[in-house]
Amino acid sequence: MGIEIKPATRVSGFAKDVWSIFTPLALETKAINLGQGYMNHPRGRARLRNALAASYSEQFNRKLDPETEILVTAGANEGMFATFAGFLDEGDEVICMEPFFDQYIPNIQMNGGKVVYVPLRPPADAADRVISSHEWILDINELKSKVTSKTKMIVLNTPHNPIGKVFDENELRAIGKVAEEHNLVILSDEVYDRLYYPPLTRFPRIANIDNLWERTITVGSGGKSFAATGWRVGWLIGPANLIQHSFAAQTRVVFCVNSPCQEAVAAGLEASLTKPLFQDQIDQYLKKRGILSKLFDELNLPYTVPEGAYYILVNTSKIQIPEDFVFPEILNERGDDFKMCYWFTKEIGVCAIPPSEFYVKEHWPLAAHFARFAFCKTDEVLEQAVERLKKLSSYIKSD
């Protein structure tokens, strides 16, 4: 049966709706369905769920049940929203690590939850050298200090956006122990799980550590896996007794997911079982990462080498913006990195994202000297960006 974690009151009283009974029944029996307009299976098309089970069973070291342990969602974001809706009551607390994906916060708050923040911290000398994303550290004692009697869930993001950190097994185990001690749900956002780089040879999953499967819901993304984010096809994988509550919420949010994109993702997953699609993609992204990192090396700008995902955090401490440059007043209300990224866009002609957007205000200083560059672009676009970024040489302080 697994552990017992109380679902949200808003879903605990839901009876199984008529559509979730008769739509699958009509599909299963091949009955002529005159009871409604055409609808997909609310858990996702069978082809896609079977393809996910075939692709991920080996990844999770268990045979996944496509009927009860996999839920297709309208993108990863909707899957997370449904999970928060399925577990959070008013005032329940959710621990998020900073920097966080910005959609976590409204998703939690719209479902009555309170966000509690704990930052990942770079090494003290990050402004002086190129560092690995693995050097950004979660203080496990700081994490423990954030747990209260109201804590319901921990959100984990690995590979991490925007840092690129892939949490190792020891780090995952430590997080898991905190969850076990306080009977918390772990929502593991692993949408970049198909993009991890050497020397990693396998992606570590918290659901595979000890007994943590029984309290973990893992989030995946067809859009991120196949570079098709507009398709809005994601999935949740986890034990049936947890997935059922996300499912109960989802049927009241979107009910089902669009068919054509589900079929396309299923075809991609099926092909990946016999062809090295994901390895080829990793090789391509390594080349793209190299295009940008070579330029930052030439400029002597420190940066974080990502272990996964497709972002490079550049340390901007050495860049001097001209004192007479005029910024719009709205930026006075944001972190210092907003001004740097605004100047990048206006004067250098390359847009980067200020990562303080992914921190609570009191922790904005942690992001003050970073800018996020995405390398999920064509090589041609990246080479054009490199030519423009070369102009930075005139604005970099000499050591």
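Predicted model: local features only at pLDDT ≥ 70, side-chain atom pairs only at ≥ 80, totals over all residues.
A disulfide needs the two sulfurs within 2.5 Å. Across the whole structure, the search returns 0 disulfides.

C341 is buried, at 3% relative accessible area. C351 is exposed, at 56%.

Next, the backbone. Which peptide bonds are cis? One runs from E98 to P99, with omega near -5 degrees. P99 belongs to the loop between β2, residues 93–98, and α5, residues 104–110. Another cis bond joins P198 and P199, and there omega is about 15 degrees. If you want to find P199 on the screen, look in the loop between β7, which is 185–189, and β8, which is 216–221. Please keep that loop in mind, as it returns with the salt bridges.

Still on the backbone, we have positive phi values. N183 is not a glycine, yet its phi is positive, about 55 degrees. N183 is in the loop between α7, residues 169–182, and β7. With 34% relative accessibility, N183 is classed as partly exposed. A227 is also not a glycine, and has a positive phi of about 55 degrees. Its loop is the one between α8, residues 222–225, and β9, residues 234–237. A227 counts as exposed, with 56% relative accessibility.

Now the charged pairs. How many salt bridges are there? The count comes to 19. I will go through some of them.

Take E58 and R202, whose closest N and O atoms are 3.0 Å apart. E58 is in the loop between α3 (46–56) and β1 (70–73), while R202 is in the loop between β7 and β8, so this pair ties together parts 144 residues apart in sequence. On accessibility, E58 is partly exposed at 47%, and R202 is partly exposed at 38%.

Then D210 with R173, where the closest N and O atoms are 2.9 Å apart. D210 is in the loop between β7 and β8 and R173 is in helix α7, so the link is between distant parts of the chain, 37 residues apart. So the β7 to β8 loop holds P199, R202 and D210. As for exposure, D210 is exposed at 51% relative accessibility, whereas R173 is partly exposed at 26%.

Where do K287 and D379 lie? K287 is in helix α11, residues 277–298, and D379 is in helix α13, residues 379–389, so their pairing ties together parts 92 residues apart in sequence. Their side chains meet in a salt bridge at 3.1 Å, N to O. K287 is exposed, at 52%, and D379 is partly exposed, at 24%.

Notes: Residues numbered from 1 in each chain as written. Heavy atoms only, no water. Buried < 20%, exposed > 50% of the residue type's maximum accessible area, 1.4 Å probe, protein only. Helix = DSSP H or I, 4+ residues; strand = E, 2+ residues; numbered from the N terminus. Salt bridge = Lys/Arg side-chain N within 4 Å of Asp/Glu carboxyl O.
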